[in-house]
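Reader: I've got a model open and would like to talk it through. Can you take me around?

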Amino acid sequence: MNLVESVKSAFRSVFSNKMRSFLTMLGIIIGISSVIMITSIGQGSQAALTGEFDKLGVNMLTISLKDPSKATSRDQLIIEDMEIIKNHPQVTSVTPLYQGGNAQIQLRNPKEYRSSILIGVNESYKDISALNFIYGRFLIDTDVKMKSKVAIIDDGLAKVIFGYDDVIGQQIYVQVKQVKHPFTVIGVIKNPMGDFASLFPDQMPTMLYMPIGAVHDLYGTNRIQNFAVAIQDKDKINDTSLELTKMLEKKHRNENQYYVQSATESLDVVNKVLGYFTAFISFVAGISLLVGGIGVMNIMLVTVTERTREIGIRKSLGAKNKDIRIQFLIEAMILTIIGGLIGMALGYLGGLGIGSLMKIAPKVSFIVVSLTVTLSSMIGIIFGVYPANKAAKLDPIEALRYE
Amino acid sequence: MIAIKNLTKVYQNGQIEVAALRTVNLTVAAKEFVSIMGPSGSGKSTMMNIIGCLDKSTEGEYCLDQVNISSLKDDDLADIRNKKIGFIFQSFNLLPKLTALENVELPMVYAGIGAKERKDRALDALKKVGLEDRVFHKPNELSGGQMQRVAIARALVNQPSILLADEPTGNLDSRSGEEIMGIFQDLNQEGATIVMVTHEPEIAAYTKRIVTFRDGEIISDELVKNTLSTRRNLV
């Protein structure tokens, strides 16, 4: 019996039992579609992130403490270090960054608060980040110099506090260490998480941008978590990192305490984390594929029992053991491959759906697609071999007698 | 054609050994039309399975067309069943989801014959048994006699050395049974070798030789003096 005939006859028996075949495929469909959906979203987010970093440019550095838990107070970066960094000839702009936690923003109902992160920066922050302004403006140098009590908030928070988003000039109240401080809104930006954030308004952290001095005053500190630095020539990025580290070490009289990371490096780190995350969820989805495969095996075993007589007839007409084996193996593979193809289509559509919700273009790579097709046919083979062998080994006399 | 020497078949039933056939000797020449008779448990079905290469003997020798079957492996047996033996069963054993034509094509599928030739030969075989107007019917759309005729067409289609029929009329009314026997007689006339198991003496009367089994042994082997012809009964 040649392969074409085997495939034809396998198709016939798969389609003669449509409902059962569909239910058997469902396990594979769910497994494959989850894997495709998750990887396409994962790769889409990676691409989106890379794009974001590209927009900011690759000539970016961040200076921070290597290990804040081991650092003494002498090692801490402080606002005064900015002068050293600024004076390096390669540096075109620099902003300090201090993130103050445990801040509460008073909402429309004065008794309600939302916890937020206050980010203290200077006017140069605008050059190195991709803030998307709807209304108003970012900090200018006088705001920073005067430590003005002004803030840039996102549209989501604006709506929660005021019920609308054009809130330039309005007062908001920021509570830090039990003390309430009024701040004036000078700019409204689009929430960087986009519509995704609006799905979970209570879970997403709110970030407010304020002059570094103002934030320092609220928390009574002069520490800086990191400096973000833009340099002129991206080829000199390594030399500049070294020189800046040396200068900071000299000023703080220490060694090996600071860590300079370039934008591409942080991109790599983020991508790595995202990659692990995608791989992990795909692994979980893969387990559902395993369950689907067991379902295929189960149904194939039932099919073999049901068709014992058919197997006997075929053998009496001259079917060899291998003909029977191939016939059942191909049936199992048809179930998993068709299931795999449907799953792939559904996974892609699901990816598009979630992607449009998250404002991410999902990416389906050729490797993932070919891997899934291979995987689903492998599942067919792995879980089809046992039932197919069972069918092939049936004794023709017994099989013919089977009622 | 068939040469069986000192053939013994023993079934292992748990601890007990049951001898289904005891040193049987049987020769069937080409163009013979033999019926094998005997009560149930006499060993006639075992004989049939061994002649049909579905089962192997415990001892002794079975040669079909000068080929010693006793020493062959599973795949070779499948090949012999495919090319040299045409089975006709009591319960027809057609595949219910295939049409008459596809059922008849099946042995040729396993013989590796191309689609075009398969269809031509299957149509010829169906024509031979008078079913040219039923080729696209499925078994459940056919009468018992028609189903058995499809089975005969299927048995014939690879031009086997022998036709093996196991109670071919057992599930049929007497008129259809007679029709089937008429087809067998015609085929035998044209040169087919037929071995048929039956327990009905009236059916055996249509054949030319009757071999009777009892308790695993042949107790009689005689030629039929006046073979009944189906011709005079059929209009």
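Reader: How many helices and strands does chain A have?
Author: This is a predicted model, where local features need pLDDT of at least 70, side-chain atom pairs count only at pLDDT 80 or more, and totals for chains, interfaces and linings use all residues. Residues are numbered from 1 along each chain as its sequence is written, while chains are lettered from A and ligands numbered from 1 in the order written. Helices (H or I, at least four residues) and strands (E, at least two) are DSSP runs numbered from the N terminus. On that basis, chain A comes to 14 helices and 10 strands.

Reader: Which element of chain B gives the most to the side that touches chain A?
Author: Counting residues as in contact when their C-beta atoms, placed from the backbone, lie within 7 Å, the contact takes 19 residues from chain B and 18 from chain A. Two elements of chain B give two or more residues, helix 2 (74-84) and helix 3 (100-111). The top giver, with 6 residues, is helix 2 of chain B.

Reader: And what is the bridge partner of B:Gln12?
Author: Strand 1 (residues 2-13) and strand 2 (residues 16-28) of chain B run antiparallel, joined by 9 bridges; strands pair if DSSP finds at least two. In strand 2 of chain B, the partner of B:Gln12 is B:Glu17.

Methods
Two residues are in contact if their C-beta atoms, placed from the backbone, lie within 7 Å.
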